[in-house]
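Visitor: I am new to this structure. Please show me how to read its features, one at a time.

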Amino acid sequence: MARQQERARRTRAAIIGSAAVEFGKSGYAAASLNRILEGSHATKGAMYFHFDSKEDLARAVMESALERYRATTSRWMLRAELDPYESLHGMNDEIAMRFEADVIVQAEFRLIIEPEFYGEIEASGGTVLGKAANELATRAEKAGQLRADADPAKFTRVLSAALAGQRYLADLLAEPAQIRPRFEEALEVVLEAMATPEWLAKWRAVGWQTSASPEDLKLEA
């Protein structure tokens, strides 16, 4: 029984992974179930055992991406030894790395802007990231690291818009390998405007002390 359950789990994961590649490449409407089956090496019967429809499969891909977002944000927010901005830098860096290399997260970004899934935006990975950023900005405010004229909500709105813009720009210019430096650039520009002079002086002297590692991606692979 345990062996059968593990085989079923692996088959389901293979189908989701293949679907993510197809959705990320072709979008939802043009995605081919036959290509998904070919990529997963699963039978049609196995696919319909796990998923009722293409929409059901797309939602499974999106939920898998959400699990990655939740794991990433939770891991960095629990780093009590880091100041809030260092945690935010590491968190954004890992998400950027996932946009470069994680087909599940890449597919979720493509799917969430499809007409079929507009209504899912409040439960998207971007929302998970935004809530975590707002919590870290709130911690920075309490630590006296956020300027008085820059509340956490304002900080989060501006940063979220900047990160989304950098993500879209990387797609338009076909430069996925530039997402990490662009995410870092966006965060630094926002901090220059909203962090306290005291924090900025310290940061300029030592730079970022924490970044994501490829090992972080393997935790949810």
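Visitor: Is threonine 72 buried or exposed?

Guide: Start with the source. This is a predicted model, where local features need pLDDT of at least 70, side-chain atom pairs count only at pLDDT 80 or more, and totals for chains, interfaces and linings use all residues. Residues are numbered from 1 along each chain as its sequence is written, and side-chain values use heavy atoms, with hydrogens and water left out. Now the term: buried means under 20% relative accessible area, exposed over 50%, partly exposed in between (1.4 Å probe, protein chains only). Threonine 72 has 0% relative accessibility, so this residue counts as buried.

Visitor: Where does threonine 72 lie, and what is it in contact with?

Guide: Helices are DSSP runs (H or I, at least four residues), numbered from the N terminus. Threonine 72 belongs to helix α4, residues 54–77. Contact means heavy atoms within 4.5 Å. Neighbours within four places in sequence aside, threonine 72 touches Met91, Glu94, Ile95 and Arg98.

Visitor: At what angle do α1 and α4 pack?

Guide: Axes are lines fitted to C-alpha atoms, for helices over the stretch in contact, and angles run from 0 to 180 degrees between N-to-C directions. Helix α1 (residues 2–26) packs against α4 at about 95°, and the axes are 9 Å apart. Angles of 65 to 115 degrees count as roughly perpendicular, so α1 is roughly perpendicular to α4.

Visitor: Which residues meet there?

Guide: From α1 come Arg12, Ile15, Ile16, Ala19, Ala20 and Phe23; from α4 come Lys54, Leu57, Ala58, Ala60, Val61 and Ser64. Sort them by class: Ala, Val, Leu, Ile, Met, Phe, Trp, Tyr, Cys and Pro are nonpolar, Asp, Glu, Lys and Arg charged, and the others, Gly among them, polar. This contact of α1 with α4 has 9 nonpolar, 1 polar and 2 charged residues.

Visitor: Which residues line the largest cavity?

Guide: On a 1 Å grid over the protein atoms alone, a cavity is a set of points where a 1.4 Å probe fits but cannot get out; lining residues have an atom within 4 Å of a point. The lining here is His89, Asn92, Asp93, Arg180, Phe183, Glu184 and Leu187. Both α5 (84–101) and α9 (179–194) give two or more residues to that lining. The most come from α9, with 4 residues. By class, the lining has 2 nonpolar, 2 polar and 3 charged residues.

Visitor: Where is histidine 41?

Guide: Histidine 41 sits in the loop between α2 (33–40) and α3 (44–50). Its phi is near 60°, a positive value in a residue other than glycine. With a relative accessible area of 74%, histidine 41 is exposed.

Terms used: Angles under 35 degrees count as roughly parallel, over 145 as roughly antiparallel, 65 to 115 as roughly perpendicular and the rest as oblique. On a 1 Å grid over the protein atoms alone, a cavity is a set of points where a 1.4 Å probe fits but cannot get out, and a pocket is an open set with protein on both sides within 12 Å along at least five of seven lines; lining residues have an atom within 4 Å of a point.
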